[in-house]
Amino acid sequence: MLGEEMTISEYLERNKNSGRGPRSVAELATSIGVSRQAVYNWMSGRCRPCFDNILEIVRLSDGVVTHISPVTLVDSKTHSLFCRAWRTLVTTRPPEVPHV
């Protein structure tokens, strides 16, 4: 993973301060293609996102979102899905072209 790790809430807060990326649950939900309620349910630990949604979260955040909430930090299945999403993202990302 990249050096920085955070929850969805921390990621959205960072985006509010930087002005980049989704800055609210509604914007994140729209970017992923799910309802706001789905994101709130993930953040509260009521349910976990499927692999495709985790992959989108990892892609959107460029790998800095490593867990949904403090509740899911200790959830080994969710952690495993994040690791799998990160590996998928890294292996499918086109190589960076050096600037001339």
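Q: What counts as a helix in this structure?
A: A helix is a DSSP run of H or I with at least four residues, and runs are numbered from the N terminus. The model you are looking at is predicted. By that rule, the chain has six helices and zero strands, and its elements read α-α-α-α-α-α from the N terminus on.

Q: What makes the contact between the side chains of Lys16 and Glu13 a salt bridge?
A: The cut-off is 4 Å between a side-chain nitrogen of Lys or Arg and a carboxyl oxygen of Asp or Glu.

Q: Why are Lys16 and Glu13 called partly exposed?
A: Partly exposed is the band between the buried limit, under 20%, and the exposed one, over 50%. Lys16 has a relative accessible area of 47% and Glu13 one of 40%, so both fall in that band.

Q: What is the distance between Arg59 and Glu56, and what makes them a salt bridge?
A: Their closest N and O atoms are 2.7 Å apart, which is within 4 Å and therefore counts. Arg59 and Glu56 are three residues apart in helix H4, about one helical turn. Arg59, at 43%, is partly exposed, and Glu56, at 22%, gets that label too. The total by this rule is two salt bridges.

Q: How do you know which side of H2 its buried residues are on?
A: In H2, the buried residues are Val25, Leu28, Ala29 and Ile32. They span an arc of only 100 degrees around the axis, so they lie on the same side of H2. The buried residues of H2 pack against H1, H3 and H4. After H2 comes Gly33, with a positive phi near 90 degrees.

Q: What about H4, and which of its residues are buried?
A: Phe51, Asn53, Ile54, Ile57 and Val58 are the buried ones in H4. Their arc is only 160 degrees around the axis, which means they are on the same side of H4. Just after H4, Asp62 has a positive phi of about 55 degrees.

Q: What makes a set of residues a nonpolar core, and which members touch the most others in the largest one?
A: Members must be buried, of a listed nonpolar type such as Ile, Val or Trp, and joined through side-chain atoms within 4.5 Å. The largest such core has 24 residues, and Ile8, Val39, Trp42, Ile57, Val58 and Ile68 touch the most other members. Helices H1, H2, H3, H4 and H6 each give two or more residues to this core, with H6 giving the most, five.

Q: How much of the chain counts as buried?
A: Of its 100 residues, 37% do, the test being under 20% relative accessible area.

Conventions
Residues numbered from 1 in each chain as written. Predicted model: local features only at pLDDT ≥ 70, side-chain atom pairs only at ≥ 80, totals over all residues. Heavy atoms only, no water. Buried < 20%, exposed > 50% of the residue type's maximum accessible area, 1.4 Å probe, protein only. Arc of directions from axis to C-beta. Contact = heavy atoms within 4.5 Å.
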